[in-house]
Amino acid sequence: MENELYGYAIPEIKEFVGKREEEYLDRFKRLKDGRKFNFAAAFFGEFWFAYRKMWLEGLLVILCRFLMNLIIPGIFGILILHGFFFDLENPSEVSEWLSYIIWFIPSGLMADRIYWKNIKKRLDFMHLPEKARGKKLGFITMRRTCKGTSLPLGVIITLLWDVLLLFAIKLGIDIIFYFSYSYY
């Protein structure tokens, strides 16, 4: 049996993966040959990233999804106005499904590669001398040494992101209304 995967010790990789380590080892081995679709990441998106303790990546997923949910309906609305689609009862639902499908495929294809890069960064950080690790910021150090999975932490962080995003949207809307009414 192999003891290393791409120059990293398999027991260390298993320690960082946590649950379903054998499946993910198999997925990581296949990255050179091709991609395997990750249905969990595709269906659950930012929650999957938070569950696997990739918090910054999950935040980026939320922001990308948010931007797609702004852009896709806008494009869809322009197409409807110019007569490309007729007799749609609820065009907003169609555009929401379309943006979800467009997000579903790339996230399922890229998730394992992103997860592997994240684990490599964490392993490289753990192999640094103690002095070099001590110079890193506290949050980065904590994030890099987190191992395994966490369902409660995944839920809490995903909810926190969503609340922050809603707050940012509300703040943006308030700012727009404040400046738009000041001209009258």
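This report covers a helix pair and the aromatic residues around it in a predicted model.

## Basis

Local features need pLDDT of at least 70, side-chain atom pairs count only at pLDDT 80 or more, and totals for chains, interfaces and linings use all residues. Residues are numbered from 1 along each chain as its sequence is written, and side-chain values use heavy atoms, without hydrogens and water.

## H1 against H2

Helix H1 spans residues 10-17 and helix H2 residues 21-29. Helices are DSSP runs (H or I, at least four residues), numbered from the N terminus. The two axes come within 9 Å and cross at roughly 120°. Axes are lines fitted to C-alpha atoms over the stretch in contact, with angles from 0 to 180 degrees between N-to-C directions.

H1 contributes Ile-10, Ile-13, Lys-14 and Val-17 to the contact; H2 contributes Glu-21, Glu-22, Tyr-24, Leu-25 and Phe-28. Contact means heavy atoms within 4.5 Å.

## Aromatic pairs

Tyr-24 and Phe-28 sit four residues apart in H2, about one turn of the helix. Their rings form a tilted pair, 6.2 Å centre to centre with 45° between the planes. Rings of Phe, Tyr and Trp (its six-membered ring) pair if centres lie within 6.5 Å; planes under 30 degrees apart are stacked, over 60 edge-to-face, the rest tilted.

Phe-28 also pairs with Trp-116, tilted, at 4.9 Å and 40°. That pair links H2 to helix H6 (residues 91-126), 88 residues apart. Phe-28 is buried because its relative accessibility is 0%; Trp-116 is buried at 6%. Buried means under 20% relative accessible area (1.4 Å probe, protein chains only).

Technical notes:
Helices (H or I, at least four residues) and strands (E, at least two) are DSSP runs, numbered from the N terminus. Buried means under 20% relative accessible area, exposed over 50%, partly exposed in between (1.4 Å probe, protein chains only).
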